[in-house]
Amino acid sequence: MGYVDNVAGHKIRLIQLDDGGDPSASTRNARKLVEEEKVDLLIGTSGTPGTIAIAAVATEQKVPFVAISPLPPSVGRGEGGYWAISVPQPPPLMVTAVVEQMQKAGVKSLGYIGFSDSWGDLVFGALSKATTPAGIKILTDERYARADTSVTAQTLKILAARPDAVMNGGAGTPGALPFLALKDRGFNGAIYGSHALINPDFIRVGGAAVEGVLAPTGPIIVAEQLPDSNPVKKVGFEFRAAYQKANGAPTTDAFSAYSFDGWLIFVDAAKRALATAQPGTPAFREALRGALFSTKELAGTHGVYNYGPNDNSGVDERARVIVKLEKGQWKLVS
């Protein structure tokens, strides 16, 4: 690692396995790392279904887990409490900010289209809770698989419902598909997204169809647009420098910054855990778990992290901003 590679003189050994986006492979990889490599900590993965699978292994094996995809609040809880913390902003925190934008725009009715998996469920659940008190009625709950190449049928149902706007519960490159379909069918209402859409491939694939989309994201995406008083600005620039050094190119997505924050949280916790136990032992894993859940006011790229025994989501409103896509660039909405 180009940023921090040891803790108090203990060299960090990093083992990387690829699950290919398959939750069953996530489970196998997690078991291999715990049972064969005897790791003290798990970090991963790039999708909520796989992350939930890893959390199940971590909880069963009593190994702390830093999730870099959102976890439902009930996931990762085992004997004695949680074994998993979640780095990304929970959907309710982010979706609430989107609904506030909808209210400002006078939206009264909404169509929803999202993934037919746990991520789509998380976004829809958060949206349902936020829109009811806001007086916004959800007219459709359409779903599609991440690997689908067409959402024509779902789009026609949304258009038939005649909503004022549409909320997208997809992620990454496949998240562009509903935008393209709605644009092709002449939908002129506003389309909103979640923080899972923030990556360059979404912009590349969506093209003109995603221009103007409003979405929540972590402050790192617009770090240069933040005031100097923002607590994540300094760390954000440190991350960008480390990423440039390691990869020879600037970072353009939100996800790599979640990994960076997960590493910062781990290093901070490991320093405290080493005061009571040595790595490679059940005692250290228990100490590391306790240290993770006592993290206080740790500034990262996406927010300021605070965890507690009954709180596996460590961020607050400081971890979200609203951005708008203008000419292929995310612009901070004040």
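**Notes on the predicted model**

1. Lys 38 sits in the loop between helix H1 (23-35) and S3. Phi of Lys 38 is near 55°, a positive value in a residue other than glycine. With a relative accessibility of 55%, Lys 38 counts as exposed, because the cut-off for exposed is over 50%. This is a predicted model, and the remarks below should be read with that in mind.

2. Ala 8 also has a positive phi, of about 50°, although Ala 8 is not a glycine. The loop that holds Ala 8 runs between strand S1 (6-7) and strand S2 (10-11). Is Ala 8 buried or exposed? Ala 8 is exposed, its relative accessible area being 64%.

3. The peptide bond from Gly 44 to Thr 45 is cis, and its omega is near -20°. Thr 45 belongs to the loop between strand S3 (42-44) and helix H2 (48-61). As background to these points, most residues other than glycine have a negative phi, and most peptide bonds are trans.

4. Helix H3 covers residues 91-105, which makes 15 residues. From the first C-alpha of H3 to the last is 21 Å, close to the 21 Å expected at 1.5 Å a residue. Just after H3 comes Gly 106, with a positive phi of about 80°.

5. Which residues of H3 are buried? They are Pro 91, Leu 93, Met 94, Val 95, Ala 97, Val 98, Val 99, Gln 101 and Met 102.

6. As for the whole chain, the protein has 10 helices and 16 strands. The C-alpha trace spans about 60 × 40 × 40 Å along its principal axes. The radius of gyration is 20 Å, which agrees with the value near 20 Å that a compact globule of 334 residues would have.

7. Buried residues make up 54% of the 334 residues in the protein. Contacts between residues at least 6 apart in sequence join, in 63% of cases, residues at least 24 apart.

8. The protein exposes about 14600 Å², and 53% of this is supplied by carbon and sulfur atoms. Its charged side chains number 33 positive and 32 negative. The centres of the two sets lie 3 Å apart.

Note on methods:
Residues numbered from 1 in each chain as written. Predicted model: local features only at pLDDT ≥ 70, side-chain atom pairs only at ≥ 80, totals over all residues. Heavy atoms only, no water. Helix = DSSP H or I, 4+ residues; strand = E, 2+ residues; numbered from the N terminus. Rg over C-alpha atoms; globule rule 2.2 N^0.38 Å. Buried < 20%, exposed > 50% of the residue type's maximum accessible area, 1.4 Å probe, protein only. Contact = heavy atoms within 4.5 Å. Areas by Shrake-Rupley, 256 points an atom, 1.4 Å probe, with all protein chains shown as cover. Lys, Arg positive; Asp, Glu negative; His and termini not counted. Charge placed at Lys NZ, Arg CZ, Asp CG, Glu CD. Expected span 1.5 Å × (residues − 1).
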